[in-house]
Amino acid sequence: MMSPEMSEARKQVRLLDAMPVSVVITGAEDNIIRYANEEVANLLEISPESMVGAHAPDFYVDPEDRRVMVSQLERQGRLSAHEVRLRKGTGGEVYCLISAVPISHHKSSCYLFTLLDISARKAFEWEIDKLSQALQHSPIAVLMYDEDGVVEYVNKAFVALTGYEAEEVLGRGLDVISSRQQDEAVSRKMWKTLRQGHVWRGETQHRNKSGREFWSMTHVAPLDEGKQAGARHFVSFMEDITKRKVAEGVLQERLQFIQTLMDAVPTPIFYKNIDGVYQGCNRAFEEYFGIIRPLLIGRTLHEMQPELDAGAFHERDIQLARRGGMEVYESHARRKDGEIRDVIFHKAAYRNASGTPVGIVGSVTDITERKRAEREARENESTLTHVLQGIRAGIMVVNPEGGTIEDVNDRVVEMLGRERSECRSSSCDSLHWLDEFGVPVASGTLLKPQTDKEYRLSLAGGGVLPVALTVLPTTIRGEPRILQILFDLSERKALERQLNLAQKLESVGQLAAGIAHEINTPIQYVGSNLTYMQEALARLAQAMEQCEQCTEVSGELKEELLEEIPDAIKDAQEGVGRVASIVQAMRTFSHPGSDEQVPLDVNDAIRSTVTIARNEWKYHSDVVLELDDTLPDLYCVPGDFNQVVLNVLVNAAHAVADKVGSSGEKGEIHVSTAREGDNVVIRIADTGGGIPEEHKDHIFDPFFTTKTVGRGTGQGLAITHAIVDRHHGDIDFSSIPGKGTTFVIRLPLEGAQS
């Protein structure tokens, strides 16, 4: 006779065999499958015999899911509605909602897993995901009751679902969870189906312990009672679908919201099913193609625009939907006004939760204007290329990360005398950049934005090339890059040298009359003294002829020889020395020199300049020199420095002369030098009439002058400012109308190197 334990186990097995839900029992320790019912075999497409004895984790796509489930089961004592992917015996996959409880099976600790195929539900959820709203999984409740509706068994999911503990419902009727709103016709149909031995499935409405109404998807199956006629016990699986029912109620609202959102997008959007039939679109699509949504749905592209080879595009859409992925390509579309437009299609396939292809979503971007702009850009680029070639501009594309030259144009190759391959991938430093005074330049300086900055480049064949550099930051193919634009300044620098020399010669020319006068005065008394000496010697010779026998010369002649002639010789020597100093000053000032910086004695240079400009100031001014004898040498271009001092000094002399006029009075020009930190400071102050307020902002402008025609060209102070700026110094002034002007020139001792 069968023991009560065996009878109960057999009853449980029969119960599990009859359950319409997939059930698997595994060992708690070894994860070996001890039992699998027919439902799970059908679900996983493998026979129960093949499953029993197998290792349960092998059926999980991700074995980690199994570990998490068992861990939760061990920790909480139950597992409710855990969603996993399982492997089918045929190699496919299936989405399941698994609940589990620990049980004792043949006196062994085991776990009972119930598997609910939720692939269809996943597909539904995926559809909702497509509209940005995912519904939560609902747990499954299991209860068993007899033919009178008396509850015989409930699981923990039922307890969680209804709020009733098991002892509160066992032995009671189903009315404990019945809702007064439940349709009686549904209940009658359910009992009729069950008593006929069939499985019933439907939606039912219930009330939990707190009185809250909820809905469930109920699956009820009669339990086979063997020899007894008709089933007397039933198992019910209840899946909470309250959220789904609520979601269904708001789904239309949500769909309307999504549609409104799509309509707010200005780009035409559409979606099709897997057969390439339109399922919907947004308002921009309607307006662009001139078709309303109800007339679009259910049609194909070929029906809308047959003349645009729609058949091929239709087939292309179907292939995309079936294979998945996305496509982006340019094509043409006929707008509602009949114009054929250039467009870009962005299309992406979408699938449901089970991976089944559903259709495609696409957007249409009109690029007609962009294509026209691209054509114009290409034409402009061609024009720009011709312009750059015409103006002989060299262009280098530099990567700011590391300063690597990525590309150069033909003009750079011509300018540097290097092959393009030599320039590419080399560093900017490899070109050996120098500033305009020959001082090496740090590579970082060459990457900073600047305009028409002068530099020198070392040429491949030796020598240097003066260039004007403009640096422009830009973006090429989405990456930050720097454009270095070079202009060859060889001809311009040659012209500048000629202009500077001409300006010096112009200054010398303007001073020539005064210099000639300065030389004439000492020459006159040199000549007068020489004439006197000639006459005195003649008288001496005559006296000596007349007195050949005399032993001494007359006292008067002797006195003249001893006193007058030495003075005459001294005066003549002084005159000759003065002429020599003027000539030397002129040579120093007018010598073209070079563009290189060399040490210069500032005080000597100022003295020489004051000397050659003497005739400009001596009639109306006294020049006072207050020069610092401890001043170190200044690194500069000597000719440029002399030009600066001369231009300011002559301006000061003219200002004083204009003020004193023919009054016979004299003003003063005060020239001083001093060291301030790393700078040499030259101050040239005059007591002239000062600079009017309305002229102060223009005195350094080229060709601006307040002097009479023939007296000034307006270039002196402009050139002065340019020279000081080129030496990295600065020049400023202060002026009080009626009292005078002071110019302050600051130059770094180390020149441009500082």
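User: How do I read a helix pair, say helix 21 and helix 22: at what angle do they pack?

Analyst: Start with the two axes. Helix 21 (residues 638-660) and helix 22 (residues 716-726) pack at an angle of about 145°. Their axes lie 9 Å apart. The crossing of helix 21 past helix 22 is left-handed. Keep in mind that this is a predicted model.

User: Which residues of helix 21 and helix 22 make the contact?

Analyst: Helix 21 brings Asp640, Gln643, Val644, Asn647, Val648 and Asn651. Helix 22 answers with Gly716, Leu717, Thr720, Ile723, Val724 and Arg726. Sorted by class, that contact has five nonpolar, five polar and two charged residues.

User: Which residues does Ile745 touch?

Analyst: Leave out residues up to four places away in sequence. Ile745 then touches Val644, Val648, Val680, Val681, Ile682, Val724, Asp730 and Ile731.

User: How do I read a sheet, and in what order do the six strands stand?

Analyst: Walk from strand to strand. The order is 17-16-21-20-19-18, in an open sheet with antiparallel pairing. Strand 17 (404-408) and strand 18 (433-435) stand at the edges. Each has a single partner strand, so one side of each is left without a neighbour in the sheet. The twist averages 40° from one strand to the next.

User: How many bridges join strand 19 to strand 20?

Analyst: Seven bridges join strand 19 (residues 450-458) to strand 20 (residues 464-476).

User: Which residues of strand 13 are on the covered face, and which on the uncovered one?

Analyst: In a regular strand the side chains alternate between the two faces of the sheet. Strand 13 (residues 326-334) has Glu327, Tyr329, Ser331 and Ala333 on its covered face. Met326, Val328, Glu330, His332 and Arg334 make up the uncovered one.

User: What do strand 13 and strand 14 form?

Analyst: A hairpin, with five residues between the two strands. Gly338 in the turn has a positive phi of about 90°. Strand 13 pairs with strand 14 (residues 340-351) in the antiparallel sense over nine bridges. Glu327 has Lys347 of strand 14 as its bridge partner.

Key:
Residues are numbered from 1 along each chain as its sequence is written. This is a predicted model: local features need pLDDT of at least 70, side-chain atom pairs count only at pLDDT 80 or more; totals for chains, interfaces and linings use all residues. Side-chain values use heavy atoms; hydrogens and water are left out. Axes are lines fitted to C-alpha atoms, for helices over the stretch in contact, and angles run from 0 to 180 degrees between N-to-C directions. Helices (H or I, at least four residues) and strands (E, at least two) are DSSP runs, numbered from the N terminus. A crossing is left-handed if the near helix is turned anticlockwise from the far one by less than a right angle, and right-handed if clockwise. Contact means heavy atoms within 4.5 Å. Ala, Val, Leu, Ile, Met, Phe, Trp, Tyr, Cys and Pro count as nonpolar, Asp, Glu, Lys and Arg as charged, and the others, Gly among them, as polar. Two strands pair if DSSP finds at least two bridges between them. Buried means under 20% relative accessible area, exposed over 50%, partly exposed in between (1.4 Å probe, protein chains only).
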